[in-house]
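Trainee: I have just opened this model and would like a guided tour. Could we go through it step by step?

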Amino acid sequence: MIAATPPTEIKKNFFNQKQGLASWLLTYDHKRIAILYLLGVTFFFAIGGIFAALIRLELATPAGDLVDSNTYNKFFTMHGIIMVFLFLIPSIPAVFGNFLIPLMIGAKDVAFPRLNLLSWYIYMIGGLFIITVLLMGGVDTGWTFYTPFSTSYSNGYVVAAGMGIFIAGFSSILTGLNFIVTIHRMRAPGLTWFRLPLFIWAHYATSMIQVLGTPVIAVTLFLLVLERGLHIGFFDPAYGGDPVLFQHMFWFYSHPAVYIMILPSMGVVTEIITTFSSKKPFGYTFIAFSSVAIAVFGFIVWGHHLFVSGQSAYAGMVFSVLSYIVAIPSAIKVFNWTATMYKGAVRLTTPMLYALGFIGLFTIGGLTGLFLASLGMDVHLTDTYFVVAHFHYVMVGGAIMGFLGGIHYWWPKIFGKMYNEGWSKISAVIIFIGFNLTFFPQFLLGYMGMPRRYHVYPPEFQVLNVLSSAGASVLAIGYLIPFCYLLYSLKYGPDAPPNPWGATTLEWKTQSPPITQNFEVTPVVTQEAYTYTTEEVVHVG
Amino acid sequence: MGEKSFELFPVAASSIAGHVDALYAYLVLVSAFFSLLIAFCVVFFAVKYRRKGDELPKPVDEHSIGGMVLEIVWSVIPLGLSLVMFAWGASIFFTESRPPADSLEVFVTGKQWMWKIQHIEGAREINELHVPVNRDIRLTLTSEDVIHDFYVPAFRTKTDVLPGRYTTEWFRPTKIGAYHLFCAEYCGTKHSGMVGTVYVMNEADYEQWLSKGSGEGSMAEEGQSLFNQLGCGTCHPSEINKQNGRCPNLNGLFGTTVELNDGTKVKADEAYIRESVLYPQAKIVAGYDNIMPTFKGLVTEDGLLKLVEYIRSLGPAEGMPSSATPVPTQTSGPQPPAQPTANSRAANGRAGAAPANRAAPGNQ
């Protein structure tokens, strides 16, 4: 589809330099692989979104009247698995990381182009497993697969779903490995570490987590499959196992995985805010090292998911205080983004609206995380809708706002077309309003005590649930609009200049879309990433 | 609960609820302050510094506006406020994780998808829990299948209910009424149907409710008949000072420290008794052989709680040193099945006067 809509001009670019389906399926070009990933994650986002819509539809009334409990449980499980493992984790790194890391560091490609293509195929095979599970009848364990329910009691296709995530995990490991080597070895002459765009720092930190954390979830799921299939006792006390051990192993990956989802988004937002403030990011080194600090500290806070799981009270204390420490680098980032706008020249373009929306929603998501890190507070709030609201503020309000901001920011670079500014601003505002209407009532529901994963709920919770469902329909409309005007722009949008936003990083110094080799001549870097000079001034936005 | 009207704040019906709500107020205030501060700055800067014409801003020297000082200020202030959240939350948590010594005991077994509740005096209920107001209630919880979670929002407390393990939860209801009981850990198909009601009653109503009873004996009495039924007494003496050399005497065992044959010491608490019935080979008392067969599959979780309660009722005898290890002697010969009468504690259990030398909660 994309191959069929080459730019009308004759200028060579990575879309028209080779033609045909095989040239896409066998490509080693990081930009084409990024577009393959974009198609994949968009597909899975749509599937996951449909399940979200079904969940909100069911919860509009307290009774279980749309579907039965088994089906409802499969809805939220499939929503969670698809959104976490097939959308959020690959979304920004595999799409924008792939497309931009070589461009931003002045390289021709990533360090291992074949490995890069392989990781896309691995991702798609993992996704195929999940889709197969879906078609066969789904799985009902929740995306967390807690034992012994998942190993001994669930009737769903747990093994196939576990294998799907296991396989997709290798895609994540290989991508992370590729990025680390690329950033170390492929930087253009003169591009020292502290001249790198902060997007690169964020992806470097993310890649560390992917390489170090993902093997743990692979091991955990492998043990789960062994116990379910062969009754080898690791987690089920009936076989002599320990169910809480599973939770430790699961969260040892899955908490850092939250940072796999949010760190790249922070990188995107940093780029957008500096560009549309025409000003160097405030506290460059603090933003850079806070990414690394989040990646490191993120590995030692997993126990805050287990405060009521029978973990010792002293372990709870240690995990609680560490969780507060990991919050500080996030706070530093928020303050630095805000300070970047101070005395800047701010343009409220569509990407900037998403970035500012990100700041607001991520701030609320992060602050409500402080509630859950507090032991006595968490006892009341854990496993309620407060947790659901909190992580959607971080995952949807954070990661997806960053993803959409990135789409709108780099769309002209990737496809060489400008989209409709009016429609895109309208949809950004609709998404912001719809998001808050969907998820803010869930904080109140959580404090009221409504447990998560409830198909049927007491009637006094209905008003807030109806508000939430209404918000979800607004949000759904907000997501559909960009589909329309972005696809429209591919055919009818005006051609994009090389640097429509007046940005300073290297990807804007080549044509839009770039040629397969990225640059005609390898750039030589002589200054910091964000040096705004008057010659960059353009009139778009 | 009760009226099904629209509410925005849950009723506070336990001694801890007020503390949790106060901490919540602090967290909301700090969060609201920072959210509004950031939102104000973002909007204000976006308007005040909006780009006019093509002119670029003059590069701001971070040092001239105290860049380093700012970074330190906006790291240290949030850290300080966070540590208050930590300390406040930890102090509430420690109160929640330490049941007062003379709590009224209730035993809870979760299974897909119901709550089975046993009172020491013998009353049993399903998906309902009746407790007296202004008394400390200590729950001992276990699961027959998957992980559940016993959550009463009005009390602001919850605890996971694990298979193969005992966990504890305590609260002191302060307000008479009926409150939601939810299973808060996803447990399968009817997870959202694993709900019930906690009735907090005044002392007189509670006594009356209790006296209606179930017509069966106290948990300790039922535990004793199960003990005999399973033939435990053919080997384990349960009368004071009787020894047969093959199996440890269970009288005066509960809450003491037992020395094992590998030299380690273990407290004879609920978890230890449970493990010794199901996995007798796991911990062998010093001086005895590994001869006990497993009772796994022969006794349910409910039954185990009764056995534990029976052995607890044999309690440490008055004045006995709490670290007494039963010493095997050579007085051998088959012992008659133990037939101790229902002990005084179980009989007095309704008044709730549990012995002060009760074992500390074993499982956290």
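**A tour of two chains**

Mentor: Happy to! Chain A has 15 helices and zero strands. Keep in mind as we go that this is a predicted model.

Trainee: What is the mean pLDDT of chain A, and where does pLDDT stay under 50?

Mentor: In chain A, 97% of the residues reach a pLDDT of 70 or more, and the mean is 93. One stretch calls for care, although the model has 14 contacts for it beyond four places in sequence. The stretch of chain A where pLDDT stays under 50 is residues 536–541.

Trainee: What radius of gyration does chain A have, and what would a compact globule have?

Mentor: Start with the extent: the C-alpha trace of chain A spans about 65 × 45 × 45 Å along its principal axes. A compact globule with 541 residues would have a radius of gyration near 24 Å, and the value for chain A agrees with that: 23 Å.

Trainee: How much of chain A is buried?

Mentor: Let's begin with its contacts. Of those in chain A with a separation of 6 or more, 84% are between residues 24 or more positions apart. As for burial, the share of the 541 residues in chain A that are buried is 63%.

Trainee: Let's zoom in on one residue. Is A:Thr275 buried or exposed?

Mentor: A:Thr275 is found in helix α8 of chain A, residues 243–277. Leaving aside neighbours within four places in sequence, A:Thr275 is in contact with A:Trp501, A:Gly502 and A:Ala503. There are 26 C-beta neighbours inside 10 Å of A:Thr275, so this residue counts as buried.

Trainee: How far apart in space are A:Thr275 and A:Arg347?

Mentor: In sequence, A:Thr275 and A:Arg347 are 72 residues apart. In space, from C-alpha to C-alpha, the distance between A:Thr275 and A:Arg347 is 8.9 Å.

Trainee: Now to chain B. In what order do the five strands of its open sheet stand?

Mentor: The pairing in this sheet of chain B is mixed. Neighbouring strands of the sheet are turned by 25° against each other on average, direction ignored. The order in chain B is β3-β2-β1-β5-β8.

Trainee: Which strands stand at the edges of that sheet?

Mentor: Look for strands with a single partner, because one side of such a strand is left without a neighbour in the sheet. In chain B these edge strands are β3 (124–126) and β8 (167–171).

Trainee: Which strand pairs with β1(B) in the parallel sense?

Mentor: Strand β1 of chain B, residues 104–111, is joined by six bridges to β2 of chain B, residues 114–119, but those two run antiparallel. In that pairing, the partner of B:Val106 in β2(B) is B:His119. Elsewhere, B:Glu105 has B:Arg138 as its bridge partner in β5(B). The parallel pairing of β1(B), over seven bridges, is with β5(B).

Trainee: How many residues of β5(B) are buried?

Mentor: From β5(B), B:Ile137, B:Leu139, B:Leu141 and B:Ser143 point one way, while B:Arg138, B:Thr140 and B:Thr142 point the other way. All of them are buried. For the strand at residues 137–143 of chain B, the count is seven of seven.

Trainee: Which residues does a cis peptide bond join in chain B?

Mentor: Go to the loop between β1 and β2 of chain B, where B:Trp113 lies. The peptide bond there has an omega of about -5° and is cis. The residues joined are B:Gln112 and B:Trp113.

Trainee: What is phi of B:Arg156?

Mentor: B:Arg156 lies in the loop between β6 and β7 of chain B. With 30 C-beta neighbours inside 10 Å, B:Arg156 counts as buried. Its phi is positive in a residue other than glycine, with a value near 60°.

Trainee: Last one: which element gives the most to the side of chain B that touches chain A?

Mentor: Across the two chains, 77 residues of chain B are in contact with 75 residues of chain A. Elements giving two or more residues to this side of chain B include α1 (17–48), α2 (67–96) and β9 (177–183). By class, this side has 41 nonpolar, 20 polar and 16 charged residues. The element that gives the most, with 18 residues, is α2(B).

How values were computed
Residues numbered from 1 in each chain as written. Chains lettered and ligands numbered in written order. Predicted model: local features only at pLDDT ≥ 70, side-chain atom pairs only at ≥ 80, totals over all residues. Pairing = 2+ DSSP bridges. Helix = DSSP H or I, 4+ residues; strand = E, 2+ residues; numbered from the N terminus. Axes fitted to C-alpha atoms, helices over the stretch in contact; angles between N-to-C directions. Rg over C-alpha atoms; globule rule 2.2 N^0.38 Å. Buried ≥ 20, exposed ≤ 12 C-beta atoms within 10 Å, placed from the backbone. Contact = placed C-beta atoms within 7 Å. pLDDT = per-residue confidence, 0-100. Nonpolar A, V, L, I, M, F, W, Y, C, P; charged D, E, K, R; others polar.
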